[in-house]
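Please look through the sequence and the structure before reading on.

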Amino acid sequence: MSNNPALLPEWSTLATHAQKMSNFLIRDMFRTNPNRFDEYSLSFNGLFLDYSKNNLNAETLKLLMALARQQNIESARDRMFSGDPMNTTESRPVLHTALRAPVNPPVMVGSENIMLFVHDILKKIESFCRDIHQGIHTGHTGKRITHIVNLGTGGSYLGPQLAVEALSTFKVPRIKTFFVSNVDGADIDRVLKIAPPEQTLFIVASKTFTTRETITNAHTAKKWLVETLGHSVDVSKHFIALSTNDEAAQAFGIRPDLIFPFRDWVGGRFSLWSSIGMSIALSIGFDNFQKLLNGAHDMDQHFCSAPLEKNMPILLAVIGIWNRNFLHRQTQAIIPYNARLARFPYFLQQLDMESNGKSVDLDGGKITAYDTGSIIFGEPGTDSQHSFFQKIHQGTDIIPVDFIGVKKPDHPYTDHHTILMHNMVAQSQALMEGRPDISEGQNPHRYFSGNRPSNTLILDELSPYHLGLLIALYEHKIFVQGVIWHINSFDQFGVELGKELAKNIEKGDALHADSSTRGLLHHLFT
Ligand code: F6P
(Lines give C-alpha, C1' and ligand atoms only; values in the text may rest on other atoms or scores of the structure.)
Protein backbone atom coordinates (compact mmCIF):
# COMPACT_ATOMS: atom_id res chain seq x y z
CA MET A 1 0.00 0.00 0.00
CA SER A 2 1.35 3.43 -0.96
CA ASN A 3 2.22 5.98 1.69
CA ASN A 4 0.93 8.77 -0.53
CA PRO A 5 -2.01 9.97 1.57
CA ALA A 6 -3.93 11.19 -1.48
CA LEU A 7 -4.13 7.63 -2.81
CA LEU A 8 -5.81 6.32 0.33
CA PRO A 9 -9.54 5.56 0.36
CA GLU A 10 -9.71 7.65 3.57
CA TRP A 11 -8.50 10.66 1.57
CA SER A 12 -11.15 10.24 -1.16
CA THR A 13 -13.84 9.78 1.47
CA LEU A 14 -12.74 13.05 3.10
CA ALA A 15 -12.74 14.83 -0.26
CA THR A 16 -16.33 13.70 -0.91
CA HIS A 17 -17.29 14.62 2.63
CA ALA A 18 -15.80 18.11 2.13
CA GLN A 19 -18.15 18.67 -0.80
CA LYS A 20 -21.08 17.73 1.41
CA MET A 21 -19.84 20.00 4.20
CA SER A 22 -19.80 22.98 1.85
CA ASN A 23 -23.60 23.01 2.24
CA PHE A 24 -23.28 23.57 5.99
CA LEU A 25 -22.57 26.79 7.84
CA ILE A 26 -20.77 26.74 11.17
CA ARG A 27 -23.35 29.09 12.67
CA ASP A 28 -26.13 26.65 11.78
CA MET A 29 -24.23 23.79 13.40
CA PHE A 30 -24.26 25.82 16.64
CA ARG A 31 -27.99 26.36 16.30
CA THR A 32 -28.79 22.72 15.70
CA ASN A 33 -26.46 21.47 18.42
CA PRO A 34 -26.65 23.40 21.70
CA ASN A 35 -23.80 21.28 23.10
CA ARG A 36 -21.39 22.07 20.30
CA PHE A 37 -19.00 24.08 22.48
CA ASP A 38 -18.81 21.31 25.10
CA GLU A 39 -18.43 18.61 22.50
CA TYR A 40 -15.76 20.41 20.47
CA SER A 41 -13.46 21.65 23.20
CA LEU A 42 -10.99 20.09 25.60
CA SER A 43 -8.68 21.05 28.37
CA PHE A 44 -5.32 19.79 29.53
CA ASN A 45 -3.49 21.02 32.65
CA GLY A 46 -4.50 24.66 32.27
CA LEU A 47 -4.53 24.82 28.48
CA PHE A 48 -7.99 24.99 26.94
CA LEU A 49 -8.80 24.42 23.26
CA ASP A 50 -12.09 25.41 21.65
CA TYR A 51 -12.28 24.02 18.11
CA SER A 52 -16.04 24.33 17.73
CA LYS A 53 -15.82 27.27 15.29
CA ASN A 54 -14.57 25.10 12.41
CA ASN A 55 -16.44 23.83 9.36
CA LEU A 56 -16.57 20.30 10.69
CA ASN A 57 -18.83 17.83 12.44
CA ALA A 58 -18.48 14.47 14.20
CA GLU A 59 -18.30 12.67 10.87
CA THR A 60 -15.44 14.93 9.72
CA LEU A 61 -13.44 14.18 12.83
CA LYS A 62 -14.09 10.47 12.52
CA LEU A 63 -12.80 10.47 8.95
CA LEU A 64 -9.79 12.61 9.84
CA MET A 65 -8.87 10.27 12.68
CA ALA A 66 -9.21 7.32 10.30
CA LEU A 67 -6.73 9.05 7.97
CA ALA A 68 -4.33 9.68 10.85
CA ARG A 69 -4.57 6.05 11.93
CA GLN A 70 -4.07 4.85 8.37
CA GLN A 71 -0.84 6.89 8.27
CA ASN A 72 0.24 5.10 11.46
CA ILE A 73 0.43 8.23 13.51
CA GLU A 74 0.63 6.40 16.83
CA SER A 75 3.53 4.20 15.84
CA ALA A 76 5.37 7.18 14.25
CA ARG A 77 4.95 9.09 17.51
CA ASP A 78 6.24 6.17 19.57
CA ARG A 79 9.19 5.72 17.21
CA MET A 80 10.10 9.41 17.56
CA PHE A 81 10.05 9.28 21.36
CA SER A 82 12.12 6.10 21.46
CA GLY A 83 14.90 7.47 19.27
CA ASP A 84 14.28 5.93 15.85
CA PRO A 85 16.04 7.91 13.08
CA MET A 86 12.88 9.79 12.06
CA ASN A 87 15.00 12.41 10.32
CA THR A 88 15.64 9.97 7.51
CA THR A 89 17.45 12.30 5.12
CA GLU A 90 20.07 13.03 7.76
CA SER A 91 19.83 9.61 9.47
CA ARG A 92 19.23 11.19 12.86
CA PRO A 93 16.88 10.52 15.72
CA VAL A 94 14.56 13.36 16.69
CA LEU A 95 14.73 13.65 20.44
CA HIS A 96 13.91 17.15 21.62
CA THR A 97 11.34 15.39 23.81
CA ALA A 98 14.21 13.76 25.76
CA LEU A 99 15.48 17.22 26.73
CA ARG A 100 12.46 17.79 28.95
CA ALA A 101 12.02 14.26 30.29
CA PRO A 102 13.05 12.97 33.71
CA VAL A 103 16.27 10.98 33.87
CA ASN A 104 14.30 7.72 33.94
CA PRO A 105 13.33 5.81 31.88
CA PRO A 106 16.52 5.72 29.80
CA VAL A 107 16.47 6.68 26.12
CA MET A 108 19.11 4.94 24.06
CA VAL A 109 20.88 6.36 21.02
CA GLY A 110 23.18 3.59 19.89
CA SER A 111 24.74 2.32 23.10
CA GLU A 112 24.39 5.63 24.97
CA ASN A 113 21.67 6.40 27.48
CA ILE A 114 21.23 10.02 26.43
CA MET A 115 19.19 10.87 29.51
CA LEU A 116 22.39 10.90 31.56
CA PHE A 117 23.94 13.40 29.13
CA VAL A 118 20.76 15.54 29.12
CA HIS A 119 20.70 15.76 32.91
CA ASP A 120 24.44 16.43 33.17
CA ILE A 121 24.04 19.40 30.87
CA LEU A 122 21.04 20.64 32.83
CA LYS A 123 23.18 20.58 35.96
CA LYS A 124 25.90 22.48 34.13
CA ILE A 125 23.39 25.12 33.00
CA GLU A 126 22.02 25.39 36.53
CA SER A 127 25.45 25.89 38.03
CA PHE A 128 26.42 28.49 35.41
CA CYS A 129 23.19 30.40 36.12
CA ARG A 130 24.10 30.41 39.79
CA ASP A 131 27.62 31.65 39.00
CA ILE A 132 26.24 34.53 36.95
CA HIS A 133 23.38 35.42 39.28
CA GLN A 134 25.60 35.36 42.38
CA GLY A 135 28.44 37.22 40.72
CA ILE A 136 30.85 34.27 40.90
CA HIS A 137 31.52 34.31 37.16
CA THR A 138 32.38 37.93 36.44
CA GLY A 139 33.72 39.86 33.49
CA HIS A 140 37.43 40.47 32.92
CA THR A 141 37.61 43.37 35.38
CA GLY A 142 35.78 41.50 38.15
CA LYS A 143 32.48 43.29 37.71
CA ARG A 144 29.22 41.35 37.77
CA ILE A 145 27.62 40.31 34.48
CA THR A 146 24.44 42.33 33.94
CA HIS A 147 23.96 42.18 30.16
CA ILE A 148 23.43 38.93 28.28
CA VAL A 149 23.66 39.08 24.49
CA ASN A 150 22.51 35.98 22.60
CA LEU A 151 24.20 35.83 19.20
CA GLY A 152 22.25 33.28 17.19
CA THR A 153 19.73 32.98 14.41
CA GLY A 154 16.81 30.74 13.38
CA GLY A 155 16.19 28.14 16.05
CA SER A 156 19.14 29.43 18.03
CA TYR A 157 17.21 32.62 18.63
CA LEU A 158 13.48 32.47 17.89
CA GLY A 159 12.55 30.07 20.71
CA PRO A 160 14.77 31.71 23.35
CA GLN A 161 13.60 35.18 22.39
CA LEU A 162 9.96 34.10 22.50
CA ALA A 163 10.40 32.61 25.98
CA VAL A 164 12.41 35.52 27.39
CA GLU A 165 9.82 38.05 26.18
CA ALA A 166 6.79 35.97 27.09
CA LEU A 167 8.12 35.34 30.59
CA SER A 168 9.44 38.82 31.28
CA THR A 169 7.44 39.00 34.52
CA PHE A 170 9.68 36.20 35.86
CA LYS A 171 12.86 38.12 35.10
CA VAL A 172 15.84 37.81 37.42
CA PRO A 173 16.66 41.27 38.77
CA ARG A 174 19.74 43.02 37.37
CA ILE A 175 19.95 40.86 34.22
CA LYS A 176 19.11 42.42 30.86
CA THR A 177 18.89 40.11 27.87
CA PHE A 178 19.35 41.04 24.20
CA PHE A 179 19.15 39.06 21.00
CA VAL A 180 21.24 39.77 17.92
CA SER A 181 20.31 37.52 15.02
CA ASN A 182 20.79 39.46 11.82
CA VAL A 183 24.07 39.92 10.00
CA ASP A 184 22.89 43.47 9.37
CA GLY A 185 25.41 45.56 11.33
CA ALA A 186 22.54 47.69 12.56
CA ASP A 187 21.37 44.78 14.68
CA ILE A 188 24.56 44.38 16.69
CA ASP A 189 25.17 48.13 16.67
CA ARG A 190 21.85 48.61 18.51
CA VAL A 191 23.16 46.44 21.36
CA LEU A 192 26.84 47.42 21.45
CA LYS A 193 25.81 51.06 21.77
CA ILE A 194 24.23 50.38 25.15
CA ALA A 195 26.00 47.30 26.54
CA PRO A 196 28.65 47.97 29.23
CA PRO A 197 31.67 45.95 27.98
CA GLU A 198 32.92 45.00 31.45
CA GLN A 199 29.54 43.54 32.36
CA THR A 200 28.44 41.91 29.12
CA LEU A 201 28.36 38.20 28.40
CA PHE A 202 28.02 37.05 24.80
CA ILE A 203 26.33 33.73 24.18
CA VAL A 204 27.32 32.29 20.83
CA ALA A 205 24.30 30.12 20.16
CA SER A 206 24.84 28.00 17.08
CA LYS A 207 24.20 24.32 16.63
CA THR A 208 26.71 24.09 13.80
CA PHE A 209 28.95 26.98 14.86
CA THR A 210 29.34 27.75 11.17
CA THR A 211 26.33 29.99 10.50
CA ARG A 212 27.72 33.05 8.78
CA GLU A 213 25.45 35.56 10.50
CA THR A 214 26.22 34.31 14.01
CA ILE A 215 29.95 33.88 13.53
CA THR A 216 30.26 37.34 11.94
CA ASN A 217 28.42 38.84 14.92
CA ALA A 218 30.60 36.88 17.35
CA HIS A 219 33.78 38.23 15.73
CA THR A 220 32.41 41.77 15.84
CA ALA A 221 31.58 41.35 19.53
CA LYS A 222 35.08 40.07 20.26
CA LYS A 223 36.65 42.98 18.42
CA TRP A 224 34.43 45.43 20.32
CA LEU A 225 35.55 43.95 23.65
CA VAL A 226 39.20 44.35 22.72
CA GLU A 227 38.63 47.88 21.44
CA THR A 228 36.71 48.95 24.53
CA LEU A 229 38.60 47.06 27.26
CA GLY A 230 42.08 47.06 25.78
CA HIS A 231 44.35 44.41 24.28
CA SER A 232 45.04 42.69 27.58
CA VAL A 233 41.36 41.78 28.04
CA ASP A 234 40.60 38.13 28.72
CA VAL A 235 37.73 37.89 26.24
CA SER A 236 37.13 34.27 27.23
CA LYS A 237 35.38 35.50 30.39
CA HIS A 238 32.83 37.26 28.19
CA PHE A 239 31.94 34.41 25.83
CA ILE A 240 30.15 31.12 26.17
CA ALA A 241 29.05 28.76 23.38
CA LEU A 242 25.97 26.62 22.95
CA SER A 243 26.80 24.20 20.20
CA THR A 244 27.17 20.67 18.92
CA ASN A 245 30.50 21.70 17.38
CA ASP A 246 32.94 21.75 20.26
CA GLU A 247 36.00 22.03 18.04
CA ALA A 248 34.83 25.14 16.18
CA ALA A 249 33.74 26.79 19.44
CA GLN A 250 37.19 26.20 20.94
CA ALA A 251 38.89 27.40 17.77
CA PHE A 252 36.94 30.64 18.16
CA GLY A 253 38.48 31.03 21.62
CA ILE A 254 35.72 29.78 23.89
CA ARG A 255 36.98 28.04 27.02
CA PRO A 256 36.09 24.31 27.00
CA ASP A 257 34.34 24.63 30.39
CA LEU A 258 32.16 27.40 28.92
CA ILE A 259 30.91 25.30 26.02
CA PHE A 260 27.45 23.90 26.71
CA PRO A 261 26.96 21.07 24.27
CA PHE A 262 23.94 19.45 22.76
CA ARG A 263 23.62 16.73 20.16
CA ASP A 264 22.62 16.48 16.54
CA TRP A 265 19.41 14.67 17.47
CA VAL A 266 18.04 18.12 18.41
CA GLY A 267 16.79 20.10 15.43
CA GLY A 268 17.55 23.83 15.49
CA ARG A 269 13.89 24.86 15.63
CA PHE A 270 13.27 22.38 18.46
CA SER A 271 16.33 23.37 20.46
CA LEU A 272 15.12 25.89 23.02
CA TRP A 273 14.87 23.01 25.52
CA SER A 274 18.57 22.23 25.12
CA SER A 275 21.53 24.36 26.17
CA ILE A 276 20.28 26.76 23.47
CA GLY A 277 17.85 27.78 26.22
CA MET A 278 20.72 29.24 28.28
CA SER A 279 19.52 32.81 27.68
CA ILE A 280 16.11 31.77 29.02
CA ALA A 281 17.59 30.20 32.15
CA LEU A 282 19.81 33.23 32.76
CA SER A 283 16.87 35.61 32.26
CA ILE A 284 14.17 33.92 34.32
CA GLY A 285 16.25 31.68 36.58
CA PHE A 286 16.99 27.98 36.27
CA ASP A 287 13.97 26.90 38.34
CA ASN A 288 11.64 28.66 35.95
CA PHE A 289 13.49 27.16 32.98
CA GLN A 290 12.88 23.76 34.55
CA LYS A 291 9.16 24.60 34.82
CA LEU A 292 9.12 25.42 31.11
CA LEU A 293 10.61 21.98 30.45
CA ASN A 294 8.04 20.40 32.79
CA GLY A 295 5.16 21.98 30.86
CA ALA A 296 6.53 20.63 27.59
CA HIS A 297 7.08 17.22 29.13
CA ASP A 298 3.50 17.08 30.38
CA MET A 299 2.30 17.89 26.87
CA ASP A 300 4.53 15.05 25.62
CA GLN A 301 2.82 12.69 28.06
CA HIS A 302 -0.60 13.85 26.95
CA PHE A 303 0.40 13.43 23.28
CA CYS A 304 1.63 9.88 23.98
CA SER A 305 -1.25 8.70 26.10
CA ALA A 306 -4.52 10.51 25.31
CA PRO A 307 -6.86 8.77 22.86
CA LEU A 308 -6.61 10.34 19.40
CA GLU A 309 -10.06 11.95 19.69
CA LYS A 310 -9.07 13.70 22.94
CA ASN A 311 -5.48 14.41 22.01
CA MET A 312 -4.85 18.14 21.66
CA PRO A 313 -1.88 18.07 19.23
CA ILE A 314 -3.60 15.44 17.08
CA LEU A 315 -6.85 17.40 16.99
CA LEU A 316 -5.07 20.62 16.03
CA ALA A 317 -3.12 18.72 13.37
CA VAL A 318 -6.09 17.03 11.71
CA ILE A 319 -8.14 20.24 11.77
CA GLY A 320 -5.19 21.86 9.98
CA ILE A 321 -5.17 19.00 7.44
CA TRP A 322 -8.91 19.46 6.92
CA ASN A 323 -8.47 23.17 6.25
CA ARG A 324 -5.37 22.77 4.09
CA ASN A 325 -6.14 19.69 2.01
CA PHE A 326 -9.90 19.40 1.85
CA LEU A 327 -11.11 23.00 2.16
CA HIS A 328 -7.95 24.23 0.35
CA ARG A 329 -7.00 27.03 2.76
CA GLN A 330 -3.47 28.10 2.02
CA THR A 331 -2.69 30.23 5.06
CA GLN A 332 -2.96 29.97 8.82
CA ALA A 333 -3.02 33.07 11.01
CA ILE A 334 -1.66 32.90 14.55
CA ILE A 335 -3.08 35.71 16.65
CA PRO A 336 -2.00 35.89 20.28
CA TYR A 337 -4.18 38.21 22.35
CA ASN A 338 -1.26 38.89 24.63
CA ALA A 339 1.48 41.40 23.97
CA ARG A 340 4.05 39.21 25.72
CA LEU A 341 3.37 36.48 23.15
CA ALA A 342 4.10 38.86 20.27
CA ARG A 343 6.99 36.66 19.11
CA PHE A 344 4.90 33.50 18.99
CA PRO A 345 3.85 33.88 15.33
CA TYR A 346 7.50 34.46 14.32
CA PHE A 347 8.61 31.42 16.26
CA LEU A 348 5.90 29.34 14.60
CA GLN A 349 6.83 30.61 11.16
CA GLN A 350 10.12 28.76 11.46
CA LEU A 351 8.76 25.80 13.41
CA ASP A 352 5.99 25.13 10.93
CA MET A 353 7.27 26.34 7.57
CA GLU A 354 10.85 25.05 7.95
CA SER A 355 9.42 21.69 9.05
CA ASN A 356 6.55 21.20 6.64
CA GLY A 357 7.40 23.49 3.72
CA LYS A 358 8.31 20.43 1.62
CA SER A 359 7.41 19.12 -1.83
CA VAL A 360 9.30 15.81 -1.80
CA ASP A 361 7.98 12.88 0.21
CA LEU A 362 9.83 10.44 2.44
CA ASP A 363 10.44 8.12 -0.51
CA GLY A 364 12.03 10.91 -2.54
CA GLY A 365 8.96 11.32 -4.77
CA LYS A 366 7.74 14.72 -5.89
CA ILE A 367 4.47 15.63 -4.20
CA THR A 368 1.93 16.67 -6.79
CA ALA A 369 -1.37 15.30 -5.53
CA TYR A 370 -1.74 17.28 -2.32
CA ASP A 371 -0.56 20.38 -0.52
CA THR A 372 1.77 20.40 2.48
CA GLY A 373 2.50 23.07 5.14
CA SER A 374 0.45 26.26 5.33
CA ILE A 375 1.73 29.81 5.11
CA ILE A 376 1.96 30.96 8.72
CA PHE A 377 1.70 34.58 9.71
CA GLY A 378 0.41 36.64 12.57
CA GLU A 379 0.57 39.59 14.92
CA PRO A 380 -0.92 40.09 18.35
CA GLY A 381 -4.48 41.23 18.82
CA THR A 382 -5.70 43.89 19.10
CA ASP A 383 -3.04 45.42 16.80
CA SER A 384 -3.76 42.92 14.03
CA GLN A 385 -7.44 43.92 14.09
CA HIS A 386 -6.37 47.34 12.89
CA SER A 387 -4.17 46.05 10.09
CA PHE A 388 -4.94 42.81 8.23
CA PHE A 389 -8.19 41.71 9.84
CA GLN A 390 -10.07 43.44 7.02
CA LYS A 391 -8.85 40.65 4.73
CA ILE A 392 -9.56 37.92 7.27
CA HIS A 393 -13.17 39.09 7.58
CA GLN A 394 -13.97 40.10 4.02
CA GLY A 395 -11.17 38.97 1.70
CA THR A 396 -11.59 36.37 -1.03
CA ASP A 397 -9.31 33.93 0.80
CA ILE A 398 -10.56 32.08 3.84
CA ILE A 399 -7.83 32.30 6.48
CA PRO A 400 -8.18 29.95 9.44
CA VAL A 401 -7.13 31.65 12.66
CA ASP A 402 -5.67 30.32 15.90
CA PHE A 403 -6.55 32.80 18.64
CA ILE A 404 -4.40 32.48 21.75
CA GLY A 405 -5.43 34.15 24.99
CA VAL A 406 -4.41 34.06 28.63
CA LYS A 407 -7.05 33.87 31.34
CA LYS A 408 -5.23 35.56 34.22
CA PRO A 409 -3.58 38.92 33.58
CA ASP A 410 -0.05 39.42 34.91
CA HIS A 411 -0.31 43.19 35.25
CA PRO A 412 -2.46 45.45 37.40
CA TYR A 413 -4.60 46.81 34.54
CA THR A 414 -7.39 44.27 34.73
CA ASP A 415 -9.83 46.55 32.88
CA HIS A 416 -7.47 46.38 29.87
CA HIS A 417 -7.39 42.62 30.12
CA THR A 418 -11.17 42.45 30.08
CA ILE A 419 -11.32 44.58 26.94
CA LEU A 420 -8.59 42.46 25.33
CA MET A 421 -10.39 39.17 26.01
CA HIS A 422 -13.74 40.59 24.88
CA ASN A 423 -12.07 41.55 21.62
CA MET A 424 -10.61 38.08 21.11
CA VAL A 425 -13.91 36.35 21.64
CA ALA A 426 -15.77 38.90 19.50
CA GLN A 427 -13.37 38.34 16.59
CA SER A 428 -13.92 34.60 16.49
CA GLN A 429 -17.66 35.19 16.81
CA ALA A 430 -17.64 37.74 13.98
CA LEU A 431 -15.64 35.45 11.70
CA MET A 432 -18.01 32.58 12.30
CA GLU A 433 -21.38 34.39 12.38
CA GLY A 434 -20.63 37.12 9.86
CA ARG A 435 -23.36 39.60 9.08
CA PRO A 436 -25.31 37.73 6.45
CA ASP A 437 -28.62 39.47 7.15
CA ILE A 438 -27.43 42.55 5.24
CA SER A 439 -27.97 41.45 1.69
CA GLU A 440 -25.16 41.99 -0.79
CA GLY A 441 -27.49 43.84 -3.11
CA GLN A 442 -28.47 46.42 -0.52
CA ASN A 443 -25.15 47.17 1.01
CA PRO A 444 -22.43 44.97 -0.42
CA HIS A 445 -19.53 46.64 1.36
CA ARG A 446 -20.96 45.91 4.77
CA TYR A 447 -21.64 42.27 4.06
CA PHE A 448 -19.80 39.65 6.14
CA SER A 449 -20.15 36.11 4.85
CA GLY A 450 -19.12 34.54 8.16
CA ASN A 451 -18.38 30.81 8.13
CA ARG A 452 -14.69 31.63 8.63
CA PRO A 453 -12.98 29.10 10.88
CA SER A 454 -10.92 29.54 14.01
CA ASN A 455 -9.55 27.70 17.03
CA THR A 456 -9.20 29.43 20.38
CA LEU A 457 -6.53 28.38 22.85
CA ILE A 458 -6.60 29.77 26.39
CA LEU A 459 -3.75 29.41 28.87
CA ASP A 460 -4.73 29.68 32.53
CA GLU A 461 -1.75 32.00 32.98
CA LEU A 462 1.39 32.97 31.11
CA SER A 463 3.75 30.99 33.30
CA PRO A 464 6.84 29.02 32.26
CA TYR A 465 4.84 25.81 32.69
CA HIS A 466 1.97 26.97 30.46
CA LEU A 467 4.33 28.30 27.81
CA GLY A 468 6.01 24.89 27.78
CA LEU A 469 2.62 23.25 27.19
CA LEU A 470 1.80 25.65 24.36
CA ILE A 471 5.08 25.30 22.46
CA ALA A 472 5.14 21.51 22.73
CA LEU A 473 1.52 21.44 21.53
CA TYR A 474 2.50 23.11 18.26
CA GLU A 475 5.68 21.01 17.91
CA HIS A 476 3.57 17.87 17.99
CA LYS A 477 0.86 19.32 15.79
CA ILE A 478 3.48 19.96 13.12
CA PHE A 479 4.97 16.49 13.54
CA VAL A 480 1.57 14.82 13.13
CA GLN A 481 0.88 16.78 9.97
CA GLY A 482 4.28 15.79 8.58
CA VAL A 483 3.47 12.12 9.21
CA ILE A 484 0.11 12.42 7.46
CA TRP A 485 1.77 14.19 4.50
CA HIS A 486 4.50 11.53 4.46
CA ILE A 487 7.30 14.09 4.57
CA ASN A 488 10.40 14.56 6.71
CA SER A 489 9.56 17.44 9.04
CA PHE A 490 13.09 17.50 10.45
CA ASP A 491 15.42 18.56 7.66
CA GLN A 492 15.70 21.98 6.00
CA PHE A 493 17.64 21.61 2.76
CA GLY A 494 15.54 24.44 1.33
CA VAL A 495 17.62 27.01 3.17
CA GLU A 496 20.91 25.90 1.65
CA LEU A 497 20.92 27.09 -1.95
CA GLY A 498 20.64 30.75 -1.02
CA LYS A 499 23.48 30.36 1.49
CA GLU A 500 25.69 28.73 -1.17
CA LEU A 501 25.00 31.42 -3.73
CA ALA A 502 25.75 34.16 -1.20
CA LYS A 503 29.12 32.49 -0.62
CA ASN A 504 29.76 32.32 -4.36
CA ILE A 505 28.92 35.97 -4.79
CA GLU A 506 31.23 36.82 -1.91
CA LYS A 507 34.01 34.90 -3.63
CA GLY A 508 33.34 36.89 -6.80
CA ASP A 509 31.78 33.94 -8.63
CA ALA A 510 28.82 35.88 -10.04
CA LEU A 511 30.52 36.74 -13.32
CA HIS A 512 28.42 34.31 -15.34
CA ALA A 513 25.22 34.95 -13.45
CA ASP A 514 22.06 36.34 -15.07
CA SER A 515 21.91 40.02 -15.92
CA SER A 516 19.67 40.89 -12.97
CA THR A 517 22.04 39.34 -10.42
CA ARG A 518 25.05 41.04 -12.03
CA GLY A 519 23.15 44.29 -12.50
CA LEU A 520 22.05 44.44 -8.86
CA LEU A 521 25.58 43.76 -7.62
CA HIS A 522 26.90 46.44 -9.92
CA HIS A 523 24.26 48.88 -8.69
CA LEU A 524 25.07 48.11 -5.04
CA PHE A 525 28.83 48.13 -5.16
CA THR A 526 29.89 50.75 -7.66
O1 F6P B 1 19.25 28.41 7.98
C2 F6P B 1 18.39 27.67 8.75
C3 F6P B 1 19.04 27.09 9.96
O4 F6P B 1 19.82 26.01 9.62
C5 F6P B 1 17.99 26.70 10.99
O6 F6P B 1 17.46 25.45 10.81
C7 F6P B 1 18.73 26.87 12.27
O8 F6P B 1 17.84 26.98 13.34
C9 F6P B 1 19.50 28.14 11.99
O10 F6P B 1 19.85 28.04 10.63
C11 F6P B 1 20.69 28.38 12.84
O12 F6P B 1 21.64 27.38 12.74
P13 F6P B 1 22.80 27.25 13.78
O14 F6P B 1 22.19 27.04 15.12
O15 F6P B 1 23.60 26.06 13.34
O16 F6P B 1 23.62 28.51 13.74
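Into which domains is the protein divided? The division gives domain 1 (5-70 + 306-491), domain 2 (96-288) and domain 3 (495-525), with bounds that come from an automatic or database domain assignment. This is a predicted model, in which local features need pLDDT of at least 70 and side-chain atom pairs count only at pLDDT 80 or more, while totals for chains, interfaces and linings use all residues. Residues are numbered from 1 along each chain as its sequence is written, and side-chain values use heavy atoms, with hydrogens and water left out.

**Domains**
- Taken over C-alpha atoms, the centres of domain 2 and domain 3 are separated by 33 Å.

**Pockets**
- A pocket is an open set of points on a 1 Å grid over the protein atoms alone, where a 1.4 Å probe fits and protein lies on both sides within 12 Å along at least five of seven lines; lining residues have an atom within 4 Å of a point.
- The largest pocket has a volume of about 1100 Å³, a volume being the space filled by probe spheres set on the grid points, which are joined across faces, edges and corners.
- Of the 38 residues that line the largest pocket, Thr208, Thr211, Gln492, Val495 and Lys499 are the closest to its centre.
- Helix H18 (496-506) is one of the helices that supply at least two residues of this lining, and H18 gives the most to it, with six residues; helices here are DSSP runs (H or I, at least four residues), as strands are (E, at least two), numbered from the N terminus.
- The second largest pocket holds about 360 Å³ of space and is lined by 22 residues, with Ala76, Arg79, Leu362, Val483 and His486 nearest its centre.

**Aromatic rings**
- The structure holds 21 aromatic pairs, in which rings of Phe, Tyr and Trp (its six-membered ring) have centres within 6.5 Å, and planes under 30 degrees apart count as stacked, over 60 as edge-to-face and the rest as tilted.
- Tyr157 and Phe179 form a tilted pair, 6.4 Å centre to centre with 50 degrees between the planes.
- Tyr157 lies in the loop between strand S5 (147-151) and helix H7 (158-166) and Phe179 in strand S6 (residues 176-180), so the pair ties together parts that are 22 residues apart in sequence.
- Ring pairs also link Phe81, Phe270, Phe303, Phe479 and Phe490 into a cluster.
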